Amino acid sequence: MLRLSLLPFHRFPISSHFLNLSPKSTMAVSASYTTSSHSSSKLLFRQLFEKESSTYTYLLADVSHPDKPALLIDPVDKTVDRDLSLVKELGLKLVYAMNTHVHADHVTGTGLIKSKLDGVKSVISRASKSKADHLIEAGDKIYFGDMFLEVRATPGHTLGCVTYVTGDGPNQPQPRMAFTGDALLIRGCGRTDFQGGSSDQLYESVHSQIFTLPKDTLIYPAHDYKGFTVSTVGEEMLYNPRLTKNKEGFEDIMKNLKLAYPKMIDIAVPANMVCGLQDLSERPAESVST
């Protein structure tokens, strides 16, 4: 097992990998999400929204740790100043800026964050074939303080999609939280007609990697277009109009969506392949594979 941290890499005798951050925190939620509580008193959590692309950015920190290490999931370039201002106000040390996949509807804020704040490392899946400081794979664990996110591969919307799930254990937040990117949306899912998408693969990903989580696991997607902020695995298993169908029915729905070509794709995808900044294109990425 490989543990990636603020320190050099360390190997452990198990199959998954680790990224080791360092914050601990009391539970605090954004104004847009106030319906659920967690048993952990360490987790600081904020759900943030970018209205033009209807993108959610998530801030997590372990505030019980002296350094209060934090991470951002799916930051957007247009709201980087807002996010970094919040990090500063809360007294956190931002360590990772992470993406669930190569987005087609907005430019990631990871590169811009790195240019504004020393020490932050960008994270994305190896399967995405994009640039980042750390390329993660299924089974990796991303530690922040005593808490961690487990990496689950959930391709289908794109080849490189992953879902980040909070850890399972007595010192981890309960109920668990799954940051599903575009693989699973609230009462929907991401499209599968570009960037190596596959409806067959997406169906298998959601059913094998997300719907196998405890039913009270909280679902936090990368987008919402109808005003929803959070769901649960149990809810989506019952009420998701696409993913409650059998695979054949799901594939038929996805085949007939007739969606418009994403207006930002020709700008966003090339930029996001290089961490949101074109001048990072020649910069080698650090590997976390064993």
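In the hairpin of E10 and E11, which residue takes a positive phi? It is glycine 145, whose phi is near 65°, in a hairpin that has two residues between the strands. Before going further, note that this is a predicted model, in which local features need pLDDT of at least 70 and side-chain atom pairs count only at pLDDT 80 or more, while totals for chains, interfaces and linings use all residues. Residues are numbered from 1 along each chain as its sequence is written, and side-chain values use heavy atoms, with hydrogens and water left out.

The names of the elements follow DSSP runs, numbered from the N terminus, with helices (H or I) of at least four residues and strands (E) of at least two. Two strands are said to pair if DSSP finds at least two bridges between them. Strand E10 (residues 141–144) and strand E11 (residues 147–153) pair in the antiparallel sense over four bridges, and phenylalanine 144 stands opposite methionine 147 in E11.

Now turn to strand E7 (residues 93–98), where five of the six residues are buried, so that the strand is largely enclosed by the rest of the structure. Here buried means under 20% relative accessible area, exposed means over 50%, and partly exposed lies in between (1.4 Å probe, protein chains only). Strand E6 (residues 69–73) runs parallel to E7 and is joined to it by five bridges, with proline 69 opposite lysine 93 in E7. In the loop between E7 and H2 lies histidine 101, which is buried, with a relative accessible area of 1%.

Strand E13 (residues 177–181) has five of its five residues buried, so it too is largely enclosed by the rest of the structure. Met177, Phe179 and Gly181 lie on one side of E13, Ala178 and Thr180 on the other, and both faces are covered. Strand E12 (residues 162–166) pairs with E13 in the antiparallel sense over two bridges, whereas strand E14 (residues 218–221) runs parallel to E13 and is joined to it by four bridges.

Phe179 of E13 also belongs to a cluster that ring pairs form with Phe45, Phe49, Tyr56, Tyr58 and Tyr220. Rings of Phe, Tyr and Trp (its six-membered ring) pair if their centres lie within 6.5 Å, and planes under 30 degrees apart count as stacked, over 60 as edge-to-face and the rest as tilted. By this rule the count comes to 10 aromatic pairs. Tyrosine 56 and tyrosine 58 form a tilted pair, 6.0 Å centre to centre with 40° between the planes.

Finally, consider the pocket. On a 1 Å grid over the protein atoms alone, a pocket is an open set of points where a 1.4 Å probe fits, with protein on both sides within 12 Å along at least five of seven lines, and lining residues have an atom within 4 Å of a point. The largest pocket is lined by 32 residues, of which Ser53, Asp105, Asp182, His223 and Tyr225 lie nearest its centre.
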